[in-house]
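Subject: Structure handover

Hello,

Here is the structure for you to look through. My notes on what was found in it follow below.

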Amino acid sequence: MVSDFVSGVADLLNETFTNLFAGAATSCVEKTCDILGTTYSDTTSGDSSLVNTMLVTSPEDFTGTTAAPSAGTGIWVTIEAVCNNAIVPIAGGILVIILLADLITTVINGNNFKEFDDSIFIKWIIKAVCGILLVSNTYYIASGLLVFGTSAVSTGINRLFNYPLTNISSDQINDLCNSLASNNSVGELIVIWFLTLLIMAAVFVLTVIIVLVMASRMIEIFMYLGIGPIPMATFMNPSWSDVGKGWIKNILALSFQGFFIVIALGIFKSIFNNVINIIITDSSGIFMSLLMLAGYTGALCFTVFRSGSISKSVFCAS
């Protein structure tokens, strides 16, 4: 009698914990899909969300809010005012010094005044006009460069995200839970639950990293825009023109950083769909599938963090 009672209690506890951890693991998988679904929806849909605002919206329309651009004060206008009122005069002074130094050097290098050509003044005037136009319109030149990146991001989203993430129905949730409970012991289910919990936490961290990287990118863009006229003033001097070229390269790198993030998210989206579909249809290889998914999630986190350096290496920016 006692042994039967103990055996019945053990069976009851085993069934209880089996159903408990099978349900917990299935809930983690479902929650992971929900988090990623929300993240990709925020990235690709027309809803006003933080991720959508930072990745798809151009800096000109950026307000830093999750609402429509008209609901907040555009940061672009503020940086434009600072740039034109505070930095352009300084850049103008630098441009004057560079132009005067260039004129003096050109005149003196004319074989110590023995070979004097009046055309040097015409060339100098043209150079001065070009320098003034560059310095006074730096902000608007940069906005044109940023349009290329924004267009690439929008096109990439339309091409790579034209299908949704795998949605798990309630019937599939029940089937997965029953399959896990019937084909795995309590110990194995604890490991499976831990892996699914780890992946869910990693996906949550991934979402935070995406927002962090894109927020940092947007702030960096405005910092480069604010100081832009000074490096642009160096274009008129061959010895200093590398400063202006480096500034343009960095603007292009920041502009296309969002495109590299879109590429990384698109690759992960396909991998995630494939792994989840395998888990739903055949849970026998769930251990390896979950381990691979955890590795892919960590790799995506690392890649998103490195998107800035990847973009800079493409454009040879420092």
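**Cysteines**

Cys 83 is buried, at a relative accessible area of 1%. Here buried means under 20% relative accessible area, exposed means over 50% and partly exposed lies in between, with a 1.4 Å probe and protein chains only. Cys 316, by contrast, is exposed, at 59%. Cys 316 sits in the segment after helix 11 (307–314), and its phi is near 55°, a positive value in a residue other than glycine. No disulfides (pairs of cysteine sulfur atoms within 2.5 Å) turn up in a search of the whole structure.

**Basis of the values**

The model is predicted, so local features need pLDDT of at least 70 and side-chain atom pairs count only at pLDDT 80 or more, while totals for chains, interfaces and linings use all residues. Residues are numbered from 1 along each chain as its sequence is written, and side-chain values use heavy atoms, with hydrogens and water left out.

**Overall fold**

The protein chain has 11 helices and zero strands. Helices (H or I, at least four residues) and strands (E, at least two) are DSSP runs, numbered from the N terminus. Of the 318 residues in the chain, 42% are buried. Among contacts (heavy atoms within 4.5 Å) between residues at least 6 apart in sequence, 81% join residues at least 24 apart.

**Helices 3 and 4**

Helix 3 (residues 75–108) packs with helix 4 (residues 119–136) at an angle of about 165°, and their axes are 10 Å apart. Axes are lines fitted to C-alpha atoms, for helices over the stretch in contact, and angles run from 0 to 180 degrees between N-to-C directions. Helix 3 and helix 4 are therefore roughly antiparallel to each other; angles under 35 degrees count as roughly parallel, over 145 as roughly antiparallel, 65 to 115 as roughly perpendicular and the rest as oblique. Residues of helix 3 in this contact include Leu 95, Leu 99 and Leu 103, and those of helix 4 include Phe 121, Trp 124 and Ile 132. The residues of the contact divide into 13 nonpolar, three polar and two charged. In this count Ala, Val, Leu, Ile, Met, Phe, Trp, Tyr, Cys and Pro are nonpolar, Asp, Glu, Lys and Arg are charged, and the others, Gly among them, are polar.

**Ile 310**

Ile 310 lies in helix 11 and is partly exposed, at a relative accessible area of 24%. Its C-alpha atom is separated by 8.6 Å from that of Ala 253, 57 residues apart along the chain.

Regards
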